[in-house]
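The exercises below go through it a piece at a time, each with a worked solution.

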Amino acid sequence: MIYKCKAFPRAALVGNPSDGYFGKTIAFVFNNYCASVELYESPELDLLPSLRDHNTFANMDELCRDISLYGYYGGIRLLKAAIKKFHEYLEVNHIGIENKNFTVRYRSDIPNRLGLAGSSAIITAAIRAMCLFYDVKIEPQHLANLVLAVERDELGIPAGLQDRVAQAYNTPVYMDFDREYMEKHGFGRYTPIKISSDCKLYIAYRTDLAEGSEVLHSRLRDDFEAGKPEVLDAMQEWGELSVKVRELLENGDYGSIGKYLNRNFDLRCKVCGGAVSAKNRQMVELARSTGASAKFTGSGGAIIGTYEDEKMLGKLRSKLKKHGIEVVIPRIVERMEEAYEIC
């Protein structure tokens with residue numbers, strides 16, 4: 001029997017990057033792309049490499065291109081870390097499993113290192129597959145914590161819970177990371193919500209801006225822990241933006257959402273300064289010049305926004321295409337069933 005599990009890229013609609021700083025956010029996953037993991041029983045535990053794990057190149061140009069797309073490390077380290085933390089989770093929670101091994105391999109077509117949570121998608125899919133294989137149940141809020149521990153504690157990647165929560169719940173989620181609640185329960189208040197197709201959203205990305213999220217988060221963490229007033233004020237405002245956008249979604253007032261998304265990005269530029277590159281700013285400015293709203297989906301490289309109608313969408317596609325920027329309409333995932341397949 002082959003267990004095949006999926007996880008999807010995450011788009012932060014509003015509130016980011018306050019998720020790692022006791023703020024509030026709204027995020028969702030979309031199935032235009034996915035990371036998938038296949039797992040089946042075998043005599044030994046075997047991790048099979050994917051395309052991004054090869055070490056043979058035609059020339060130095062190809063090697064450099066590969067590094068720009070995937071960094072210096074492929075996906076095998078993600079699988080190894082996921083297996084290790086899954087094993088530790090079983091031990092800590094005194095969960096017994098059948099003594100059997102597996103072979104695992106992964107695939108992903110999620111645009112890499114562009115703030116779409118491609119790494120956590122691979123980890124989430126891997127843990128889902130191991131849960132099926134060993135008949136282990138992990139609730140979404142705990143799965144999100146486990147995936148974060150893989151990246152943050154095992155691999156040393158600074159990150160927040162938002163991406164992992166959206167991928168664990170597999171539906172749009174309003175997240176309140178209230179400090180007191182999190183310190184008591186170990187996770188935030190997560191409320192699945194509905195994002196109607198009438199809320200006209202687009203996502204755009206370019207592949208020449210690949211940069212790990214650790215770049216921005218490391219700088220922001222230092223400022224937050226130092227208690228810089230402008231950073232603390234920004235965290236508060238990002239949370240307030242999330243509350244307002246949730247109200248607009250619930251009331252069907254989709255046309256008013258764009259200005260709050262714009263403010264989310266403008267505030268980020270004010271606080272993060274040099275951490276927002278000129279090309280990232282240009283992508284947002286190009287989108288806004290068509291009348292659309294625009295902000296980062298994560299930490300840069302990809303943006304999300306609203307558009308008014310098909311005419312504006314056509315103008316947006318045309319203008320961004322001239323600069324090598326791809327525009328997609330996200331197919332928002334709303335069902336957990338989309339994450340599982342048993343062959």
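## Exercise 1: A charge and a ring

Since this is a predicted model, everything here is computed from it. Start with K100, which lies over the face of F133 at 4.1 Å from the ring centre.

**Task.** Which aromatic cluster does F133 belong to, and over which ring does the charged end of R246 sit?

**Solution.** 
- Step 1: look around F133. Together with Y3, F86, F102 and Y134, F133 forms one aromatic cluster.
- Step 2: move to R246. Its charged end is over the ring of Y174, 4.5 Å from the centre of that ring.

## Exercise 2: Sorting aromatic pairs

**Task.** How many aromatic pairs does a search of the whole structure find, and how are the rings of Y33 and Y205 arranged?

**Solution.** 
- Step 1: the search comes back with 14 aromatic pairs.
- Step 2: take Y33 and Y205. Their centres are 6.2 Å apart and their planes make an angle of 80°. Planes over 60 degrees apart count as edge-to-face, so this pair is edge-to-face.
- Step 3: Y33 is in the loop between β3 (24-29) and β4 (35-42), while Y205 is in strand β9 (residues 201-205), so the pair ties together parts that are 172 residues apart in sequence.
- Step 4: check burial, where the cut-off is under 20% relative accessible area. Y33 comes in at 13%, so it counts as buried, and Y205 is buried too, at 12%.
- Step 5: F187 is buried at 15% relative accessibility, and Y190 is buried at 11%.

## Exercise 3: Into the core

**Task.** Which residues of the largest nonpolar core touch the most other members, and which helix gives the largest share of this core?

**Solution.** 
- Step 1: the core has 113 residues, and I127, Y202 and L249 are the ones touching the most other members.
- Step 2: helix α3 (residues 118-134) supplies the largest share, eleven residues.
- Step 3: zoom in on L249. Leaving out residues up to four places away in sequence, its contacts include L13, I26, I193, C199 and I257.

For background, nonpolar side chains in soluble globular proteins tend to be buried together.

## Exercise 4: Reading the strands

**Task.** What is the strand order in the open sheet of four strands, and which strands are at its edges?

**Solution.** 
- Step 1: the order reads β2-β3-β7-β8, and the pairing is antiparallel.
- Step 2: β2 (10-14) and β8 (189-192) each pair on one side only, which makes them the edge strands.
- Step 3: neighbouring strands in this sheet are turned against each other by 25° on average, ignoring direction.
- Step 4: zoom in on strand β7 (residues 173-176), which is joined to β8 by four bridges. Here V173 has P192 in β8 as its bridge partner.
- Step 5: α5 (residues 162-169) lies across β2, β3, β7 and β8, and runs at about 45° to β3.

**Task.** In which sense does strand β6 (residues 101-108) pair with β4, parallel or antiparallel, and in which sense with β5?

**Solution.** 
- Step 1: β4 and β6 pair in the antiparallel sense over eight bridges, with L39 opposite V104 in β6.
- Step 2: strand β5 (residues 46-48) runs parallel to β6, and three bridges join them. D46 stands opposite T103 in β6.

How values were computed
Residues are numbered from 1 along each chain as its sequence is written. This is a predicted model: local features need pLDDT of at least 70, side-chain atom pairs count only at pLDDT 80 or more; totals for chains, interfaces and linings use all residues. Side-chain values use heavy atoms; hydrogens and water are left out. Rings of Phe, Tyr and Trp (its six-membered ring) pair if their centres lie within 6.5 Å; planes under 30 degrees apart count as stacked, over 60 as edge-to-face and the rest as tilted. Helices (H or I, at least four residues) and strands (E, at least two) are DSSP runs, numbered from the N terminus. Buried means under 20% relative accessible area, exposed over 50%, partly exposed in between (1.4 Å probe, protein chains only). A charge sits over a ring if NZ of Lys or CZ of Arg is within 6 Å of the ring centre and within 35 degrees of the ring normal. A nonpolar core is a set of buried Ala, Val, Leu, Ile, Met, Phe, Trp, Tyr and Cys residues joined through side-chain atoms within 4.5 Å. Contact means heavy atoms within 4.5 Å. Two strands pair if DSSP finds at least two bridges between them. Axes are lines fitted to C-alpha atoms, for helices over the stretch in contact, and angles run from 0 to 180 degrees between N-to-C directions.
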